[in-house]
Amino acid sequence: MSQNLLVVIGAGPLPELQMSAACSSLAAEFGAVLMEEGCGLSPHPLLCELDAKTSDSSALTVLKLSGDVGVDESGVGSWIEALAAWRIPVLMLAQPRPDGRFGGIVPASVAFARSLNLSLLGLVQLGGEWDASARRHDGLPWCGCLEGPDDDPRGLISCLQHRQGVLARGGVSGPA
C-alpha cells in the first residue's frame, strides 16, 4: 500500500461535524487531499482504488471514515480488519468526557487495533483541554489535540511524520 494515504477513524462514536473539522485541519496542515467516506462501503474495492490513485501521486490523501470501523457493514469484513490487512497508516480520534477523562472505548479501541497489528500511528484528542501529564499516564499512543483550546496541529504533524517514518523503515507496527 502506498505510504501516501492516512486513514482517520474514531475511537467510539464522534460528532460528525467536529470530526470533519479536525480532518480538514489535519489535511490542510499536511497539504493533503481530504476524502470522506462511510463505513457502509465495502473496504477492499475502495482501498484498491485509493492504492492506485495514491501510488501515482506524491501528495498525501487523508481519508476520514465515518461510523464504526469494527462492524462488518458490507458483509465482506470490517474496515479495521481491511486497514490492518492493507497495512495502511491509521490515526484514531478520541473525544474526552466532560470531566476531561476518556471512556473505556478508547483503550479498548487501541487494544483491538494492536490485536489486529494495525499500523496505528497514534491517538488525537478531539476537543477539550489537553492534559499532557494525564495523557502520559494513560499509557496510550497520544500525538496531540485538535478542535480544542489546546489545538496543536504543527506538533501533531511532527509526531505523525516521525511515526510514519518509523513505520516506513519497517520499524514497529502499531504505535511508535
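This is a predicted model: local features need pLDDT of at least 70, side-chain atom pairs count only at pLDDT 80 or more; totals for chains, interfaces and linings use all residues.
Two packed helices are described by the angle between their axes and the distance between the axes. For helix α2 (residues 43–55) and helix α3 (residues 79–86), the axes come within 10 Å and cross at roughly 40°. Angles under 35 degrees count as roughly parallel and those from 65 to 115 as roughly perpendicular; α2 and α3 are therefore oblique to each other. Their crossing is right-handed. On the α2 side, the contact involves Pro43, His44, Leu46, Leu47, Cys48 and Asp51, which meet Trp79, Ala82, Leu83 and Trp86 of α3. By class, the residues of this contact comprise 8 nonpolar, 1 polar and 1 charged.

Within α3, the buried residues are Trp79, Ile80, Ala82, Leu83 and Ala84. The elements that cover these residues include the strands β1 (5–10), β2 (33–38), β3 and β4, together with the helices α2 and α4 (105–115). Just after α3, Arg87 adopts a positive phi of about 60°.

The buried residues of α6 are Pro153, Leu156, Ile157, Cys159, Leu160, Arg163, Gln164, Gly165, Val166 and Leu167. These buried residues pack against helix α1 (16–30) and against the strands β4 (90–94), β5 (120–126) and β6 (142–146). Just after α6, Gly170 takes a positive phi of about 80°.

Most residues other than glycine have a negative phi, and most peptide bonds are trans. Positive values occur in two loop residues of the model. Asn117, in the loop between α4 and β5, has a phi near 60°. With a relative accessible area of 39%, Asn117 is partly exposed. Glu147 lies in the loop between β6 and α6, and its phi is near 65°. Glu147 is likewise partly exposed, at a relative accessible area of 31%.

A further loop residue, Ala59, is located between α2 and β3 (61–66). At 30% relative accessibility, Ala59 counts as partly exposed. The C-alpha atom of Ala59 is separated by 10.0 Å from that of Gln3, and the two residues are 56 residues apart along the chain.

Definitions and conventions. Residues are numbered from 1 along each chain as its sequence is written. Side-chain values use heavy atoms; hydrogens and water are left out. Buried means under 20% relative accessible area, exposed over 50%, partly exposed in between (1.4 Å probe, protein chains only). Helices (H or I, at least four residues) and strands (E, at least two) are DSSP runs, numbered from the N terminus. Contact means heavy atoms within 4.5 Å. Axes are lines fitted to C-alpha atoms, for helices over the stretch in contact, and angles run from 0 to 180 degrees between N-to-C directions. Angles under 35 degrees count as roughly parallel, over 145 as roughly antiparallel, 65 to 115 as roughly perpendicular and the rest as oblique. A crossing is left-handed if the near helix is turned anticlockwise from the far one by less than a right angle, and right-handed if clockwise. Ala, Val, Leu, Ile, Met, Phe, Trp, Tyr, Cys and Pro count as nonpolar, Asp, Glu, Lys and Arg as charged, and the others, Gly among them, as polar.
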